[in-house]
Amino acid sequence: QLFQVDPSGTYFAWKASAIGKNHVNAKSFLEKRYNEDVELEDAIHTAILTLKEGFAEAITAENIEIGVVGADRKFRVLTPDEVKEYLFEVE
C-alpha cells in the first residue's frame, strides 16, 4: 500500500498511484490495469507501461529507477541491468 502526503499534511492511501505531469492519465491507466492479485513481475511491467504513457522521451535504464518491496518486506532499487531486462520485456 502507498501513502501520499500533501503539503497540508493530508494523506491518502493507494494501491497504485501516480504524481507529477500527466498524473491524471497515469492514474486512469493504472485503474484499468491494476488488480489485487497482481504478481511482482506484472506490477513492474504495468509501472513501466504507465511511465511510457506520459514520458516525453524514450525510457531507458539510465533515466528511470524502479524500486520494489519483496516478499521479505525489504525495499530495494533494481539495478540498471534488471531495468533493461524489464524494458526489453514490455517492448
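**Close-up views of a predicted protein chain**

**View 1. T50 sits in helix α2.** Helices here are DSSP runs of H or I with at least four residues, strands are runs of E with at least two, and both are numbered from the N terminus. T50 is buried, with a relative accessible area of 10%. The cut-offs go like this: buried means under 20% relative accessible area, exposed means over 50%, and partly exposed is in between, using a 1.4 Å probe and protein chains only. Not counting residues up to four places away in sequence, T50 touches A26, F29 and L30, where a contact means heavy atoms within 4.5 Å. A word on the model: it is predicted, so local features need pLDDT of at least 70 and side-chain atom pairs count only at pLDDT 80 or more, while totals for chains, interfaces and linings use all residues. Residues are numbered from 1 along each chain as its sequence is written, and side-chain values use heavy atoms, with hydrogens and water left out.

**View 2. T46 is in helix α2 too, which spans residues 40-54.** Is T46 buried or exposed? T46 counts as buried because its relative accessibility is 14%. Leave aside the neighbours within four places in sequence, and T46 is in contact with F29, L30 and R33. F29 and L30 are also among the residues that T50 touches.

**View 3. The whole chain, for orientation.** The protein chain has three helices and four strands, and from the N terminus on they run β-β-α-α-β-β-α. Its C-alpha atoms fill a box of roughly 40 × 35 × 25 Å along the principal axes. There are 91 residues, and 21% of them count as buried. Take the contacts with a separation of 6 or more: 24% of these come from residues 24 or more positions apart. The chain exposes about 7,000 Å², with carbon and sulfur atoms supplying 53% of it; these areas come from the Shrake-Rupley method with a 1.4 Å probe, and for residues only the protein chains shown count as cover.

**View 4. Strands β1 and β2 form a hairpin.** Strand β1 covers residues 2-5 and β2 covers residues 11-14; the two run antiparallel and are joined by four bridges. Two strands count as paired if DSSP finds at least two bridges between them. Which residue of β2 is the bridge partner of L2? That would be W14. Five residues lie between the strands, and G9 in the turn has a positive phi of about 100°.

**View 5. The largest nonpolar core has twelve residues.** They are I44, I48, I59, A61, I64, I66, V68, L78, V83, Y86, L87 and V90. A nonpolar core here is a set of buried Ala, Val, Leu, Ile, Met, Phe, Trp, Tyr and Cys residues joined through side-chain atoms within 4.5 Å. Helices α2 and α3 (80-90) each supply at least two residues of this core, and α3 gives the most, with four. In soluble globular proteins, nonpolar side chains tend to be buried together. Zoom in on Y86: apart from neighbours within four places in sequence, Y86 is in contact with E41, I44, H45, I48 and L78.

**View 6. F55 is in the loop between α2 and β3.** F55 is partly exposed, with a relative accessible area of 29%. Not counting residues up to four places away in sequence, F55 touches N63 and I64. F55 and K21 are 34 residues apart in sequence, and their C-alpha atoms are 9.0 Å apart in space.

**View 7. N22 and R73 each have a positive phi without being glycine.** N22 is in the loop between β2 and α1 (23-33), and its phi is about 60°. N22 is partly exposed, at 34% relative accessible area. R73 is in the loop between β3 (67-69) and β4 (75-77), with phi near 65°. R73 counts as exposed because its relative accessibility is 75%.

**View 8. E91 is in the segment after α3.** Its relative accessible area is 68%, so E91 is exposed. How many residues apart in sequence are E91 and A26? The answer is 65, and from C-alpha to C-alpha they are 18 Å apart in space.
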